[in-house]
Every structure is written in structure tokens, then in C-alpha cells.
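This report walks through a structure in short sections. Please keep the sequence and the 3D view at hand while reading.

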Amino acid sequence: AFQTSSFSGGTNTTPPFVANSFPNQGQFDVPTNANFIFGFPSGNSGDMVTVGTDGITNTTNVLLQTASGGAPTGVNICASGGCTLTWDTTNQSLKIDPTLNLATSTDHVLILKKNLKNAQNVQLNGGMNDFMVFFRTSSGTDTAAPTVSFTNPANAATRVLLGTPEVLVQFSKSMDSSTLSTTTIYLFTD
């Protein structure tokens, strides 16, 4: 047996979560001068509060620490101006830019605290646990520019259908989505 009822809309109470990140969990070659990105789902769920004690740009909620044995150690590098935290409302992503380069060949952890909230007042991961990404820095900085590593349709392709639904571009490195737009990427016709 089942029961029917009516639905009249309401508030989205889907908890926000991290949909993607750089670095990836367990990554071991992160440049010491890297910026870090956490992407959230589109829509209301990923529309994070940016100010106040529950805000995603508050350094008490975003921690960058050294790690040992799979546990955070040391002080929060982001505290007291050690990181610039920038929320991108268009792409619903957080950029973490450490003021100084991180130590070489060192284990670190990035932590987003579970008390972070979205605009619907719902906590990160339903308030169940902090989001943590453990990674290891490489032996130095990365100064090489990213390159285009793949496109679809392929470069110089012919007979591409006019109704092709999308053009794909893959880069050799993680990209800051706030720098990708119609003013930085062009599509030309012959």
C-alpha cells in the first residue's frame, strides 16, 4: 500500500557538500605555491553563506594545517591573514590562496568545518562531519603555464556538425574557474 499527498514547494534542505576539489584526496605532488579550490553543487544547496561565524570566508571555518599520521597537526596557516579566501558566487567555489608558499615535501590537510552553512541555513554535510583533504606538497613551486591538452572537436577538425552540443577543452593543470569566461576563451568559425 502507498499514500499520496500534495507538494507545494518549500525550502531546499539538501545539505551542502564539496562536489570537487583541488587538490584531490591523497594527492602527493601539489606545488608549494598552489591555490586550492573547493567546488560546491549548483543551485540552492551549494549557495554558501560568506560572512559571519558560519561563513565560508571565515578562517575559523577553513583550516590549512600540516598533518602527520593522517591527523592535523600544527597551527591553522589560514588564521591571522595567512590565506586569502575568495567565494565565487557564479561557480559556487571557494579559492584558498596561501600568503606564503607551503613547506616542501610536507603532508598537509585542508579542512572545511561542518558548521559552514548555505543560504538556506543548512550545515555542510548535514553537520555530521568536517570535510578534509589530505595532500603532500612537491619539492618546489610550479611556474609553468597551463596548456590545452585535449579538445573535442579536435583542433583543425573538419565536417563538425553545426548542432554540436558542446565544445570540450581540457587543460594540463587545474584551472581557476573564475578566470574562464567568454573574454578569455574564444570560439571562431571559418
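## The disulfide

A disulfide is counted here as a pair of cysteine sulfur atoms within 2.5 Å, and by this rule the count comes to one disulfide. Cys78 and Cys83 form this bond, with their sulfur atoms 2.3 Å apart, and both residues are buried, where buried means under 20% relative accessible area, for a 1.4 Å probe and protein chains only. The torsion about the S-S bond of Cys78 and Cys83 is about -70°, so the disulfide is left-handed.

## How the model is read

This is a predicted model, in which local features need pLDDT of at least 70 and side-chain atom pairs count only at pLDDT 80 or more, whereas totals for chains, interfaces and linings use all residues. Residues are numbered from 1 along each chain as its sequence is written, and side-chain values use heavy atoms, with hydrogens and water left out.

## The sheet

Strands are DSSP runs (E, at least two residues), numbered from the N terminus, and two of them pair if DSSP finds at least two bridges between them. Four strands form an open sheet in the order E4-E3-E7-E8, with antiparallel pairing; its edge strands, E4 (71–73) and E8 (131–136), each pair on one side only.

Three bridges join strand E3 (residues 62–68) to E4, and the bridge partner of Ala67 in E4 is Pro72.

## A buried loop residue

Thr32 lies in the loop between strand E1 (20–22) and strand E2 (36–39). Thr32 counts as buried because its relative accessibility is 4%. Leaving aside neighbours within four places in sequence, Thr32 is in contact (heavy atoms within 4.5 Å) with residues including Asn101, Leu102, Thr137 and Gly140.

Definitions and conventions
Buried < 20%, exposed > 50% of the residue type's maximum accessible area, 1.4 Å probe, protein only.
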